[in-house]
Amino acid sequence: MSRTILICSGKGGVGKTTLTANLGIALARQGSSTAVLDADFGLRNLDLLLGLENRIVYTAQEVLAESCRLEQALVRHKQEPNLSLLPAGNPRMLEWLTPDDMQKIVGLLEDRFDFVLIDCPAGIEDGFKNAAAASKEAIVVTTPEVSAVRDADRVIGLLQTRAIEPIQLVLNRVRPRMMANQEMLAVSDVTDILALPLLGLVVEDEQVIVSTNRGEPLTLNGSRSPAGLAYNNVARRLRGEEVPIVDPSKEPQGMRAKLSRLMQTKIF
Amino acid sequence: MTLRDLIDKLLGRQAASASTARQRLQLVLAHDRSDLNPELLEQMRREILEVVSRYVEIDLDEGDVSLETEDRVTALVANLPIKRARTTPLPASAAPA
């Protein structure tokens, strides 16, 4: 049984594409054949994060128009051949695909892959609706900031009306020190407000920028960086493994951290 | 309220921003989720008070109708202290303001 998972957030810039790229590579390395579909054709970037920007010849549009076969449009990753990229369209495209087209293309992918990850465009307009039409499950990415949480809430409402299930949460760009000092929404604040099960927690990590510069996702080279490990854990949980989630703001870090945890004690 | 919030309050300092963020989010999400704008909510509040006050005398200054959200379920919560019950309900048109 193939699993089709929408990766969305509502707000832009919270880390959808980075999660899609790292999760795709991690799932592939762990043995699941995986396709990543870039549904954001106007501002597509998944190719860039995967280092595949020079290898795109065809897109889903040509497959649908039957001017090429699916195998020709799929871009297989050289170092991780278990992963393939399919761009939905190219930025010069004037007309967008319909929800039906999207379902057709995902149907083709589901026949060949264990996981199909759909990188959703930001916003809740047509691009989102198209991507959601073809999805069965969803991962909502958010950061511990009011605007990102609010937008995530809108998206969750829309996913629920489409009976997409399960919807799980990845909390991205967590700054443990700020959280411990209560200058950032706590993990429990976000999970309580959005009422979603937490699938992963990724700390802010400079290595993410380094890896996007190179076009090599952190999960590709078995990086031990905090974000790389977190992405790997998300993949393991998706594959059904039990991997505990550690709240980095509650990790022991010496006297200062102990004091700040004492200050967080709920008194009433 | 956390220990830190209490100390901040005692020292007259600004509270840590996370709790402000949480409160602002909860409020804005209650409104987002119910799709009720503040104007409609105010109109509904007035009409609810009108209906209730036909049956019981309520303390209009203490009364409060608001939206609260927990676990993605938004509830309309009315807190209306009753002064005394009316023996016969007032007619619909004669509702006091």
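How many of the 6 residues of strand E6 of chain A are buried? Keep that in mind while I go through this model, which is predicted.

The count is 6 of the 6, for residues 137-142, so strand E6 of chain A is largely enclosed by the rest of the structure. In a regular strand the side chains alternate between the two faces of the sheet. Here, A:Glu137, A:Ile139 and A:Val141 point one way, while A:Ala138, A:Val140 and A:Thr142 point the other way, and all are buried.

Next, the neighbours. Strand E1 of chain A, residues 3-8, pairs with E6(A) in the parallel sense over 4 bridges. Opposite A:Ala138 of E6(A) stands A:Leu6. E6(A) also pairs with strand E7 of chain A, residues 167-174, again in the parallel sense, over 5 bridges. There, A:Leu171 in E7(A) is the bridge partner of A:Thr142. With helix H7 of chain A, residues 146-161, E6(A) and E7(A) make a right-handed β-α-β unit.

Now the packing. In soluble globular proteins, nonpolar side chains tend to be buried together. The largest nonpolar core in this model has 48 residues, and A:Leu6 and A:Val140 are among those with the most contacts inside it. H7(A) gives the most to this core, with 5 residues. Apart from this core lies another, of 36 residues, including A:Leu27 and A:Val234.

Leaving out residues up to four places away in sequence, A:Val140 touches, among others, A:Cys8, A:Ala152, A:Ile156, A:Leu159, A:Ile167 and A:Leu196.

Methods
Residues are numbered from 1 along each chain as its sequence is written. Chains are lettered from A and ligands numbered from 1 in the order in which they are written. This is a predicted model: local features need pLDDT of at least 70, side-chain atom pairs count only at pLDDT 80 or more; totals for chains, interfaces and linings use all residues. Side-chain values use heavy atoms; hydrogens and water are left out. Buried means under 20% relative accessible area, exposed over 50%, partly exposed in between (1.4 Å probe, protein chains only). Helices (H or I, at least four residues) and strands (E, at least two) are DSSP runs, numbered from the N terminus. Two strands pair if DSSP finds at least two bridges between them. A crossover is right-handed if, with the strands pointing away from the viewer, the path from the first strand over the helix to the second runs clockwise. A nonpolar core is a set of buried Ala, Val, Leu, Ile, Met, Phe, Trp, Tyr and Cys residues joined through side-chain atoms within 4.5 Å. Contact means heavy atoms within 4.5 Å.
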